[in-house]
Amino acid sequence: TVLKNLIFRLEARSPMKRRDLLKGATGGAAVTIAATALTGYTDDTDINAAKLQAELDAAKDKIAELEEAAKAITDAPAVVKDRVEIAIVSTWPRDFPGLGTGAQRFAQRLSDMSDGRFAVEYFAAGERVGAFDSFDEVASGNAQMYHAADYYWKGKHPGWAYFTAVPFGLTYTEMNAWIRFGGGQELWDELAADSGLKNLMCGNTGVQMGGWFRKEMNSADDFKGLKMRIPGLGGDVLAKLGASPVSLPGGQIYENLVSGAIDATEWVGPWNDEAMKFYEAAKYYYYPGMHEPGPMLAAGINKDFWEGLSASDKVMVEAAASMENDVMMSEFNANNGSSLTRLLNDQGVQLKVFSDDTYDSFGEAAEEVFAETVEHSDLARRIHDSFVQARADVGGWAKIADQEYLRQRNRVLGV
């Protein structure tokens, strides 16, 4: 309004034209000129055109100075945050389908999301440290992150097993619910903090197969004396049945199975197992795996490094890890079915299901293992109790919703 009034009076009483006023100044600049020009004048004052012109010229000179200052700011190089060096070590072979490629994808996503400000260097198992040395490499601060299955560290504290998978445990969707909304992340944080770590969900394989065997497993007695690669509390369950569990990183399983150093192995599922060629040494493929119903993989982060990140950088890391958690599960679901078909049709694999009696024996042994686990410490008991509550709450709903729907759908479609 002030500007309009000024322009009106200028056109009525001064030879100065509208375009002279607006030339070189728009928006806020024009208003500034208008306010300056009106200084000392009212509707009752006879405008002195020469004085007004002088004040307008002075205002325009001031605006020109401000525009030059603004241009200098605009032309100045942007202030870029310092680069963040991140070394990631993992427990997986390089380019191994699903597990290895998922870890590599997470590393690349960190770089992409930060436009390269996160300078990420990824090391597969054995390239910087051994697979099972990843934990100490990150806890010590020698590397900033690892990608692994946290049940590998159960020898340090049995609570770690719950944050990958435990016998008769949580499926992928149940695990996500527990970690995000059932108190799981808080307990994981407490456990990890004792080792100088901060851990995030960063992948899942879904329900795993029961394993590869050279002979048929008709009862729990067939596990007696069996030397089997199976980590975590699942290995402790089989030990209760007389087996000898062995923990081996993925890159060493095939050679041990072929050589006879182990009699049987579990790994993941058809997609990964086909790539490992276990069928060359064992033909009986059993399901379902009681030991890993929804094994979650982790991004383990050095706690000092984590706390030194800005709030926005932390969100970026969390987003990248959460995305890989979803993408990896989708990839396994997309590939397992076709891989199983090839194993059965092309490799002569015999698909077998564990008997109910065998599963009952698994369950009894699992309860013994859990009873011993909770005696380890107060934290171990609190983790177990929280897990059991989530299994009851989330699992109870899944039985009504997911499981019953799938039963009816498959019945109708003949699947």
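Tutor: Helices and strands here are DSSP runs, numbered from the N terminus, and a strand has at least two residues. Please keep in mind that this is a predicted model.

Student: How many helices and strands does the protein have?
Tutor: There are 15 helices and eleven strands. Strand β9, for example, spans residues 284-287 and includes Tyr287.

Student: Is Tyr287 buried, partly exposed or exposed, and why?
Tutor: Tyr287 counts as partly exposed because its relative accessible area is 33%. Together with Leu351 and Val353, Tyr287 makes a nonpolar surface patch of about 240 Å².

Student: What about the protein as a whole: what percentage of the residues is buried?
Tutor: Of the 415 residues, 48% are buried. The protein exposes about 19500 Å², and carbon and sulfur atoms supply 52% of that area.

Student: Switching to helices, at what angle do α7 and α13 pack?
Tutor: Helix α7 (residues 172-181) packs against helix α13 (residues 311-346) at about 170 degrees, and their axes are 12 Å apart. Angles over 145 degrees count as roughly antiparallel, and α7 and α13 are therefore roughly antiparallel to each other.

Student: Which residues make that contact?
Tutor: Helix α7 contributes Tyr172, Asn176 and Arg180, while α13 contributes Ser322, Asn325, Asp326 and Met329.

Student: New topic: how many salt bridges are there?
Tutor: The count comes to 21 salt bridges. One of them pairs Glu190 with Arg382, whose closest N and O atoms are 2.6 Å apart.

Student: Where do Glu190 and Arg382 sit in the chain?
Tutor: Glu190 is in helix α8 (residues 184-193) and Arg382 is in helix α15 (residues 378-413). The two residues are 192 residues apart, and the pair links distant parts of the chain. Glu190 is partly exposed, at 34% relative accessible area, and Arg382 is also partly exposed, at 32%.

Student: Which residue meets Lys198 in a salt bridge?
Tutor: The side chain of Asp189 does, with an N to O distance of 3.0 Å. Lys198 counts as buried because its relative accessibility is 13%, whereas Asp189 is partly exposed at 25%.

Student: And what does Glu375 pair with?
Tutor: Glu375 meets Arg381 in a salt bridge at 2.9 Å, N to O. Glu375 is exposed, with a relative accessible area of 57%, while Arg381 is partly exposed at 34%.

Key. Residues are numbered from 1 along each chain as its sequence is written. This is a predicted model: local features need pLDDT of at least 70, side-chain atom pairs count only at pLDDT 80 or more; totals for chains, interfaces and linings use all residues. Side-chain values use heavy atoms; hydrogens and water are left out. Patches are made of residues with over 30% relative accessible area and no salt bridge: like charges are joined within 9 Å, nonpolar side chains (Val, Leu, Ile, Met, Phe, Trp, Tyr) within 5 Å. Accessible areas come from the Shrake-Rupley method with a 1.4 Å probe; for residues, only the protein chains shown count as cover. A salt bridge is a side-chain nitrogen of Lys or Arg within 4 Å of a carboxyl oxygen of Asp or Glu. Helices (H or I, at least four residues) and strands (E, at least two) are DSSP runs, numbered from the N terminus. Buried means under 20% relative accessible area, exposed over 50%, partly exposed in between (1.4 Å probe, protein chains only). Axes are lines fitted to C-alpha atoms, for helices over the stretch in contact, and angles run from 0 to 180 degrees between N-to-C directions. Angles under 35 degrees count as roughly parallel, over 145 as roughly antiparallel, 65 to 115 as roughly perpendicular and the rest as oblique. Contact means heavy atoms within 4.5 Å.
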